[in-house]
Amino acid sequence: MPRTWKPNVTVAAVIERDGKFLLIEEETSDGIRLNQPAGHLDPLESLEQAVVRETLEETGYDFTPTALVGMYMSRYRSARTGELVTYLRFAFCGEPGEFHPERPLDDGILRTMWLTRDEIAACRERHRSPLLMTCVDEYLAGKRAPLELLHTHVSVYEEV
């Protein structure tokens, strides 16, 4: 039987405050990289729950998603395995909430940073994902879809 192809489903938070965007600096197999707070969808959670969780784990900020900026697909060759990896990214914008400075950040996260669009563009060689700049630019262009477009069926939350 042929192997089923499955892209990795990820979420990302586009968080802007006073003209600056919240990014993380993280240690990766390709070196130190910049990204939006982002990560994989876990079992038993909705996309919205995933982006809230990932933002808190990677930045220490609570996050309230207010809209979907876009859905993106990208592919790259893993430096670690040499295999092609496909990602399906759901990027949300929203409001940063309370900051929890006592909360430890996920392993590999070195620090959080607030950068302008131009500062982000000036260091493209350090971007973890080619979608980092795309998400910022589409957010700035006003691209938004209502969260009501997303539906998580109750079966997602059931243990089997």
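Tutor: Let's begin with residues 4-139 of this predicted model: the end C-alpha atoms of that span lie 33 Å apart, and the span is 20% helix and 49% strand.

Student: What annotation covers residues 4-139?

Tutor: An unreviewed UniProt entry gives "domain: Nudix hydrolase" for residues 4-139.

Student: What makes the contact of Glu25 and Arg111 a salt bridge?

Tutor: Their side chains meet at 2.7 Å, N to O, and the cut-off is within 4 Å, so the pair qualifies. This pair links distant parts of the chain, 86 residues apart: Glu25 is in strand 3 (residues 20-28) and Arg111 in strand 8 (residues 109-115).

Student: Is Glu25 called buried or exposed, and why?

Tutor: Buried, because its relative accessible area is 10% and buried means under 20%.

Student: Why does Arg53 count as buried?

Tutor: Its relative accessibility is 19%, and the limit is under 20%, so Arg53 counts as buried.

Student: How do you know that Arg53 and Glu57 are separated by about one helical turn?

Tutor: Because they are four residues apart in helix 1 (residues 47-59). Salt bridges that share partners join Asp42, Glu45, Arg53, Glu54 and Glu57 into one network.

Student: What makes Tyr157 partly exposed?

Tutor: Tyr157 has a relative accessible area of 36%, between 20% and 50%, so it is partly exposed. Together with Val154 and Val156, Tyr157 makes a nonpolar surface patch of about 240 Å².

How values were computed: Residues numbered from 1 in each chain as written. Predicted model: local features only at pLDDT ≥ 70, side-chain atom pairs only at ≥ 80, totals over all residues. Heavy atoms only, no water. Patch = residues over 30% accessible without salt bridge, like charges linked within 9 Å, V, L, I, M, F, W, Y side chains within 5 Å. Areas by Shrake-Rupley, 256 points an atom, 1.4 Å probe, with all protein chains shown as cover. Buried < 20%, exposed > 50% of the residue type's maximum accessible area, 1.4 Å probe, protein only. UniProt positions renumbered as here; feature names shortened; annotations may be inferred. Helix = DSSP H or I, 4+ residues; strand = E, 2+ residues; numbered from the N terminus.
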